[in-house]
Amino acid sequence: MHSQISDSSIRRRSLSALRLALIIAALCALAMVLVNESTHMRATQVLQEVEQANQMRTTISSLTRALTEAESNQRGYTLTGDRRYLEPYDNALNEIVRLRKTLETPQATSMFNLSTLLSFRSFMSEKMSEMALTVRMREDNRPEVVDFVVTSNVGLEQMAAFRAQSDELLSQADTYIQERRQELQRLLNVSRLGLVAGVLAAFVAFFLHLKQTRAMQRASEAHQNALEAERDALESQVRERTTRLAELATHLQQAVEDERAHLARELHDELGALLTAAKLDVARLKSRLPPDATDLAERLKHLTETLNQGIALKRRIIEDLRPSSLSNLGLVASLEILCREFADRSGLHVQTALEPVELDSAAELTIYRMVQEALTNIGKYAEAKNIRVVLKNYVYHAEASITDDGRGFDPSALPQSSHGLVGMRHRVEAGGGRLDINSGAGRGTRITGTVPRGQARAQSQLATASGAMSVNSYARETTSPTPDTARG
């Protein structure tokens, strides 16, 4: 009991630790999923910001290039008057207008320094105004204004200031991109560390699970070993007690047989002597009666018949207690007498087929009691008409079978009160034999007892025993039909 309680507590602790390990593993997995998901979302956002920064940088470079191209075409038109310069000039201005809208978005405001961005826009607008004024003066044929603007350094200064602001914006864009790349690297490192931590947590959880599983297996094996030890102890106790009960039952049967033999001797010696003495006294009294004492003669005659009946009853009781024919005449003759007397009492047709056998006294008594108990049960319960008793002689054993054509029964559902069959089986098995019961509802019963021989008999003697088989039939009416030996 103590081992069972200890094993139960160990298993409970192991299960608790296993549940804790599974909870920790689940929390680690959830944390890893959350970290990876947040890292992925932030990395996606950072990549979008980097892409937008690259687009802004491309836009600033494109604005600088477009403004430079517009200035070049404006100067070509101003110096030559060739209107072919105006078409690329106008295309460059349209490109500048389109690109300027990109710098007016919130992303540009959050990415660049606001003052630098405003200066960049201001210088670009001034330069565009200066170029537009020069082109218009050239178209209005005002060469003095055009020469003044061309010969002055205003355009060059504006263009230099615009390029400086453009370089500053490009530098800010590069710094912004570098910061986002560093942040992306940090996010990748966090994701890598989270993955490593998750893998380590998984290994720890697996190790704990494996450890607890092994602990549970050891506890289960210890519990199983304890159960097997207890089962072996119980089986040993059951075998020991079964052996003791079998020895006790055998001893009780032997005590019963001894008591029967003692009682039979007492009846034979004491009661037999008394009945014989009484019968002799009656004979003396009868010889001394006067011839005219007819009434006393009749009474003495009746008394003599009563004494004869008592002597016969005494003889029958003695034979039931301890058959003297078994030790005087042998097993075959005893069985024939038993079957004949049973047929006379019950009125049933009993057929015997008995081979001479050579057994010790205990084995002969076992077969005799088995046949006696079987005939008693048939007379009480079987409602049979025909009975067949067979005794066969084999090399290593002898076999006795009793077959009837009665109503039969289910051998697997014997009532608890069937002490006769239980005692019969125990008596046969106590002698090292085997008892088989073959029966069924409506098909009669066949009881077969096999008793081992103490010493094997020569094969050549079996034919002699078979030839000396005694086959007899006993019935109240000699015209009774032969029993159906195939039934049962």
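**View 1. Strand 3 and its partners in the predicted model.** Strand 3 and strand 5 pair in the antiparallel sense over eight bridges, where two strands are said to pair if DSSP finds at least two bridges between them. Strands here are DSSP runs of E with at least two residues, and helices are runs of H or I with at least four residues, both numbered from the N terminus. Within this pairing, Thr403 stands opposite Arg446 of strand 5. Strand 3 also pairs with strand 2, antiparallel and over seven bridges, and Leu391 stands opposite Ala400 in strand 3. Strand 2 and strand 3 form a hairpin, with three residues between them. Why is strand 3 described as largely enclosed by the rest of the structure? Seven of its eight residues are buried, so the rest of the structure largely encloses it; buried means under 20% relative accessible area, exposed over 50%, and partly exposed in between, with a 1.4 Å probe and protein chains only.

The model is predicted, so local features need pLDDT of at least 70 and side-chain atom pairs count only at pLDDT 80 or more, whereas totals for chains, interfaces and linings use all residues. Residues are numbered from 1 along each chain as its sequence is written, and side-chain values use heavy atoms, with hydrogens and water left out.

**View 2. The hairpin of strand 4 and strand 5.** Strand 4 (residues 434-439) runs antiparallel to strand 5 (residues 445-452), and six bridges join them. Ser439 stands opposite Thr445 in strand 5, and the two strands form a hairpin with five residues between them, where Gly442 in the turn has a positive phi of about 80°. Strand 4 has a covered face made of Leu435, Ile437 and Ser439, while its uncovered face holds Arg434, Asp436 and Asn438.

View 3. The 16 residues of helix 9 (residues 331-346) should span 22 Å at 1.5 Å a residue, and the end C-alpha atoms are 22 Å apart, which agrees; the expected span is 1.5 Å times one less than the number of residues. Among the buried residues of helix 9 are Leu331, Leu335, Leu338 and Phe342. An α-helix has 3.6 residues a turn, so residues three or four places apart point the same way. The elements that cover the buried residues of helix 9 include helix 8, strand 1, helix 10, strand 2 and strand 6. Just after helix 9, Gly347 takes a positive phi of about 75°.

**View 4. The largest nonpolar core.** This core has 38 residues, of which Ile367, Val371, Ile387, Val389 and Leu391 touch the most other members; a nonpolar core is a set of buried Ala, Val, Leu, Ile, Met, Phe, Trp, Tyr and Cys residues joined through side-chain atoms within 4.5 Å. Helix 10 supplies the largest share of this core, ten residues. Not counting residues up to four places away in sequence, Val371 touches Leu335, Leu338, Val389 and Ile402.

**View 5. Asn472 in strand 6.** Asn472 is found in strand 6 and is partly exposed, with a relative accessible area of 27%. The C-alpha atoms of Asn472 and Gln351 are separated by 5.7 Å, although these residues are 121 residues apart along the chain. Leaving aside neighbours within four places in sequence, Asn472 is in contact (heavy atoms within 4.5 Å) with Glu336, Val350, Gln351 and Thr352.
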